[in-house]
Amino acid sequence: MTDVVVLGGGIGGLTTAHELAERGFDVTVVEANDRFGGKARSVPITDDPKALHGEHGFRFFPAFYQHVIETMDRIPDGTGTVAENLVETEATLIANADSPGRIAETRTPNSLRGWLEALRPAFAEDLPDDDVRFLLERLLYLLTACDERREGELDDISWWEFIDADNRSQEFRDRLAYATQSLVALRPQVGSTRTIGTIYLQLLFGQLDPTQPTERVLNGPTSEAWIKPWVRHLEALDVDLRPATPATQLEFDGRRITGVTLANGETITADEYVLAVPVEIATEFLTRKMRRLAPELERISQLETAWMNGIQFYLTEDVELTRGHQVYADAPWALTSISQRQFWTGYNVADHGPDAVEGVLSVIASDWDTPGMLHEKPARSCTRDEIATEIWAQLKAHLNVTETTLDDDMLVDWFLDPAIVERDDGGVENRSPLLINTVGALANRPSADPAIDNLTLASDYVRTNSDLASMESANEAGRRAANAILERHGRKATVATWELTEPAVFEPFKRQDRFRYRLGLPHPGDVTHSIRGATRRLSSRL
């Protein structure tokens, strides 16, 4: 039997362990934290066994997630599977500080014109007509660009430049350029058009196709509804799960990994080793000799991270807002939220403390560098208390426009991601940042199978079809690592992976663009964009 050691018990590591254990491998997973699940895990807010749970950030599953959902459908939970713990949402609220919120409607276009009209986002309705036309042209460009152009050109262009944000209205910048930051935790000035544009379209497709779930959320805290059943299933598959077991180094003989040294001095040996830790930790394990043998590992250190962390507000009332996602389009800290209680059919809040809690509003802050509206400081320069009061103030500013939705008397308690740690010199540090897809970052992302005989990678920085740092990408990376190990041991790569899908109506245009790209010709949208830009610049000088 082949032995495999997996370093890291997040989504990528657990996925690799799951796939290999089902195929007869002897798998050990070592995890530095006392709980499995990585960024997806839940954390009790006190030491009380019945305490409510807090999270790194709320978990949501957009329509384009395929890998994670398929894995969940294979995890038993009671008489069903974990996938049955997913609850479909119905709408997205786009909240603004200066006007009532809007609900994003859903419909299914069946023509090119229909898609162009439907792609007008709910929060773009009040934009100048010229901005709206330009946005549709840019989205059409993305939808008709071939994969080669997206990788060869659009990965090297920032989203800010692609949507010409400097030359658009302030409303356009606030509602479209910066709003994407709340979705992907990435400043539009540095984010790759390939990544932001592709994921932005995938989220829009989910909004527009009622035959598929727009997005889903869990019917309880993540660990209760997903991670704990997963751990039980892996134990049933005889996976050796070791929480609170930090590793310190990979031992390397110049060609192969020969062991894993643990913090307690123990060394674990195996036939295969899977590095499934976050990007900022992975670089600590990759020695100069390893990087020399596998040059793609050298470039991992050039990948960047940003902050995207969550806070939960526990309320005396169940403030439902909308049955879905809320996006605070012009919030300084790029906030998004979900009101959880309405979805938690599998988790009774009344059975957990504090007793006064009736509602849970889970919020994610994606911009930690812009000054806030209450303390007038960036989040990273605030104390934990100041972060909580600032986010609460921004929520009230957006939700209390026409009537009082949130009131200070409702607030029982809050729980900020424990990865946000106060520094002695003021402000906070983030011990769990998020990989971001900056301009040109694709070239620095390795495959799951670098050129070291018995080492594979299973984390969201690996090249995947999912692309964006997410549970979906980590799961796909874990599947790719499992396939590499299977092939090395003479087995067929049987772990499924899927590509992102886009409407078939655009395929003829992509084929035409593929022909143009191979001839060195620009996309037709480039010509239109250049002419419009030149005209605007000329007009501004007259």
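Author: We will take one feature at a time, with the general idea before the case.

Author: This is a predicted model, so local features need pLDDT of at least 70, side-chain atom pairs count only at pLDDT 80 or more, and totals for chains, interfaces and linings use all residues. Residues are numbered from 1 along each chain as its sequence is written, and side-chain values use heavy atoms, with hydrogens and water left out.

Reader: How many helices and strands are there in the protein chain?

Author: Start with the rule. Helices (H or I, at least four residues) and strands (E, at least two) are DSSP runs, numbered from the N terminus. Here the protein chain has 17 helices and 26 strands.

Reader: What share of the residues count as buried?

Author: Buried means under 20% relative accessible area, exposed means over 50%, and partly exposed lies in between (1.4 Å probe, protein chains only). Of the 542 residues of the protein chain, 56% count as buried.

Reader: What do contacts say about the chain?

Author: Contact means heavy atoms within 4.5 Å. Take the contacts in the protein chain with a separation of 6 or more: residues 24 or more positions apart account for 70% of them.

Reader: Which residues touch the most other members of the largest nonpolar core?

Author: A nonpolar core is a set of buried Ala, Val, Leu, Ile, Met, Phe, Trp, Tyr and Cys residues joined through side-chain atoms within 4.5 Å. The largest one has 44 residues, and Val27, Phe61, Met72 and Trp226 touch the most other members. Elements giving two or more residues to this core include strand 1 (3-7), helix 1 (11-22), helix 10 (222-236) and helix 15 (471-488). At least three residues come from each of domain 1 (2-34 + 243-305 + 437-489) and domain 2 (39-105 + 213-221 + 308-432). Those domain bounds come from an automatic or database domain assignment.

Reader: What does Trp226 touch?

Author: Leave out residues up to four places away in sequence. Then Trp226 touches Ile11, Phe61, Val68, Met72, Ile75, Val82, Leu218 and Met471. There is also a second, separate core of 40 residues, which includes Val5, Leu275, Phe285 and Leu435.

Reader: How do I check the length of helix 15?

Author: The expected span of a helix is 1.5 Å times one less than its number of residues. Helix 15 has 18 residues and should span 26 Å; its end C-alpha atoms are 26 Å apart, which agrees. Of those 18 residues, 15 are buried, so helix 15 is largely enclosed by the rest of the structure. Gly490 follows helix 15, with a positive phi near 75°.

Reader: How many aromatic pairs are there?

Author: Rings of Phe, Tyr and Trp (its six-membered ring) pair if their centres lie within 6.5 Å; planes under 30 degrees apart count as stacked, over 60 as edge-to-face and the rest as tilted. By this rule the count comes to 11 aromatic pairs. One of them is Phe64 with Tyr65, edge-to-face at 5.2 Å centre to centre and 80° between the planes. Phe64 is buried at 9% relative accessible area, and Tyr65 counts as buried at 10%.

Reader: Why is the pair of Tyr141 and Phe162 called edge-to-face?

Author: Their planes are at 75°, with ring centres 5.2 Å apart, so the pair is edge-to-face. Tyr141 is in helix 4 (residues 129-144) and Phe162 in helix 6 (residues 159-162), so this pair links distant parts of the chain, 21 residues apart. Tyr141 is buried at 2%, and Phe162 counts as buried at 4%.

Reader: Which residue lies over the face of Tyr141?

Author: A charge sits over a ring if NZ of Lys or CZ of Arg is within 6 Å of the ring centre and within 35 degrees of the ring normal. Arg138 lies over the face of Tyr141, at 4.9 Å from the ring centre. Arg380 lies over the face of Trp307, at 4.1 Å.

Reader: Is Arg149 buried or exposed?

Author: Arg149 is buried, with a relative accessible area of 0%. It is found in helix 5 (residues 147-152). Leaving aside neighbours within four places in sequence, its contacts include Tyr141, Asp513 and His523.
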